[in-house]
Amino acid sequence: VCSSHCSMTAGNLQMMGVCRYSPHDISADLSRSVNQLTIQLGDAGDEPRDKLSSGHNSDDLEWIQTSPSPQTSVGQIVKDSFEVRMFEKTRSNRTEDSECLAKPVPRVQVRIHGFWRDIAREEAAEIGRHLQDGEAQFYLHARNRDYDIDFSRMGAARQTNLRSGKTRRLRILVPRPGDRWGIQRTQPVFDQPDVVEQRRLGPQSLRGEAPQNALRYLSEKPWTLPSFIKFADRERKYCGEWAVFYHSYSHAALIYEVQAAIASELFGFKSQYAPLPRLMINQFYDTPDAASLIRRFDSEFAGSARDHAANFRKVALSTMCSLSAKGPEVCLAKAFVSGYSCIDVPFRQILEHLLQSCCFSEVAKLADGIVSCAERHGLDTSAFGGRACKGGRPGHALQIFIRRSLVDRLAYAAHPYGLVDAERMPLSSWLNGDNACTYGQARVVAHPEHFMHASNVRMYTASADPTFERCRVAFQKELCELFTALKDPAAREQVAAGIYGGVLPPWWAANHRKARA
């Protein structure tokens with residue numbers, strides 16, 4: 001909750017027509033039980049802005065801010081984070097650079113030294129093929145150079161030279177009646193839901209007048225409140241263009257952190273914000289999206305272990321769709337401290353297999369060093385042959401933002417154990433509407449090539465153990481130092497080839513710079 005000195009209440013804002021949601025306590029029980037609890041918090045939105053968002057006025061908003069009184073209930077603080085800090089104006093930077101295809105070959109231009117210049121017809125045709133296949137972000141090899149092409153944001157298409165890091169703007173021109181060439185201003189490549197409408201609907205966890213009584217569990221664990229405030233604040237900030245999912249976990253944290261450190265060293269993944277739940281890209285060749293996961297579930301998993309099958313777990317995450325989710329099976333606020341974990345998972349074996357698949361040597365010794373490093377920073381390693389965290393709070397929560405145009409590609413509505421919930425399909429329609437999301441699961445295909453790109457997926461983590469929460473960034477730095485082999489170009493190529501199943505991706509070069517995550 002921002003430490004502003006504005007004294008406006010949710011009720012004042014509602015009468016002024018600014019606040020969409022009527023003010024209400026999270027629950028009467030919560031209000032009564034923690035009415036006398038004194039909580040002092042700093043700015044909930046203090047995470048650094050990433051490079052990709054800073055160039056496109058993604059924070060071009062004005063906020064109505066409040067400050068908690070000296071005696072403020074948990075319910076009021078969480079409610080204020082969602083309801084009071086509403087924005088007054090919407091994105092106004094939709095430029096003429098819209099990304100639409102002309103047929104049969106689009107006319108693609110690049111901005112060089114202040115002028116728009118046509119690119120070669122062959123390259124334009126290849127870009128057109130990718131876009132027609134539904135790919136908003138992809139790699140392109142042209143003129144002996146490798147480029148990261150990104151058309152995922154309306155009015156902000158770009159190309160990035162993977163070797164030099166130089167970024168230039170792109171646009172696509174299409175024929176228009178009366179003109180030989182004109183700029184299509186209305187329709188992007190993907191049908192991104194109207195940002196203004198999504199912001200009007202507000203944070204996903206509050207839509208459909210969803211009850212917030214599940215958050216009463218925070219009153220029993222007041223030290224968890226700052227993490228939930230930050231989650232709520234980000235929902236409000238990103239609700240226009242992003243759908244949100246929540247993944248509860250515990251023992252898997254060490255594997256997620258190791259994968260994040262490797263991805264940081266190899267691919268420039270921003271591991272300071274969150275771990276990486278999946279890394280081995282070769283495991284996604286047969287299951288690149290939600291549609292293929294559903295097909296495999298029906299043909300391979302439905303009659304046996306369902307979403308507990310090892311090959312299902314390799315590519316998918318079990319998630320909830322609301323910060324105040326009540327179920328089925330998982331209540332995020334209640335499960336946060338202990339985290340959610342299955343007991344039939346050989347975590348130490350999985351860690352060593354991960355390191356072996358990445359072509360590291362002396363795997364057992366490296367795994368021991370990783371476990372020791374985790375223990376020093378307060379992470380629970382009891383499932384890896386190490387020590388439990390001192391506070392007995394091994395839980396974590398991962399907040400996953402997926403661009404709305406990619407939701408149906410990467411996720412599907414699910415019942416417990418992974419069965420498709422047909423009533424909430426397609427999932428994007430349910431999440432884009434004014435529907436209460438407090439009840440209902442989803443399965444998310446955690447494809448690293450999407451999860452490592454902040455233009456497609458953004459993640460933030462929180463840990464119930466205050467020691468690890470405080471030390472996590474330092475832990476990531478020390479983890480990266482354990483992978484000293486990645487400083488050698490030949491070793492980097494070997495590890496990258498292991499992640500991709502033995503064949504380096506076409507954009508890889510021995511002297512490449514870190515690709516922007």
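1. Basis. Residues are numbered from 1 along each chain as its sequence is written, and side-chain values use heavy atoms, with hydrogens and water left out. Because the model is predicted, local features need pLDDT of at least 70 and side-chain atom pairs count only at pLDDT 80 or more, while totals for chains, interfaces and linings use all residues.

2. The largest pocket has a volume of about 1,100 Å³. A pocket here is an open set of points, on a 1 Å grid over the protein atoms alone, where a 1.4 Å probe fits, with protein on both sides within 12 Å along at least five of seven lines; the volume is the space filled by probe spheres set on the points. The lining has 42 residues, and Tyr256, Arg278, Arg313, Lys314 and Val345 lie nearest the centre of the pocket. Lining residues have an atom within 4 Å of a point.

3. Pocket lining. Two or more lining residues come from each of β8 (242-249), α8, α10 (310-313), β9 (316-320), α12 (347-357) and β12 (441-445). Helices (H or I, at least four residues) and strands (E, at least two) are DSSP runs, numbered from the N terminus. α12 gives the largest share of the lining, six residues. By class, the lining has 23 nonpolar, 13 polar and six charged residues. Ala, Val, Leu, Ile, Met, Phe, Trp, Tyr, Cys and Pro count as nonpolar, Asp, Glu, Lys and Arg as charged, and the others, Gly among them, as polar.

4. α8 with α17. Helix α17 spans residues 466-482, and its axis comes within 9 Å of that of α8, crossing at roughly 50 degrees. Axes are lines fitted to C-alpha atoms, for helices over the stretch in contact, and angles run from 0 to 180 degrees between N-to-C directions. The two helices are therefore oblique to each other (under 35 degrees is roughly parallel, over 145 roughly antiparallel, 65 to 115 roughly perpendicular, the rest oblique). The crossing is right-handed, meaning that the near helix is turned clockwise from the far one by less than a right angle. Residues of α8 including Leu254, Val258 and Ala261 are among those that meet α17, where the partners include Phe468, Phe475 and Leu479. Contact means heavy atoms within 4.5 Å. This contact has eight nonpolar, two polar and three charged residues.

5. α8 with α18. Helix α8 (residues 253-267) also packs with helix α18 (residues 489-499), at an angle of about 125 degrees and with the axes 11 Å apart. This pair is therefore oblique too, and the crossing is left-handed. Ile262, Glu265, Leu266 and Phe267 of α8 meet Arg492, Val495, Ala496 and Ile499 of α18. Six of these residues are nonpolar, none polar and two charged.

6. α12 with α13. The axes of α12 and helix α13 (residues 363-376) are 9 Å apart at an angle of about 120 degrees, which makes α12 oblique to α13. The crossing is right-handed. Among the residues in contact are Leu351 and Leu355 of α12 and Leu366 and Ile370 of α13. The contact has eight nonpolar, one polar and three charged residues.

7. Backbone. The Gly327 to Pro328 peptide bond is cis, with omega near 5 degrees. Pro328 is in the loop between β9 and α11 (332-335). Glu329 lies in the loop between β9 and α11, and has a positive phi near 75 degrees. Met425 and Pro426 are joined by a cis peptide bond with omega about -5 degrees.
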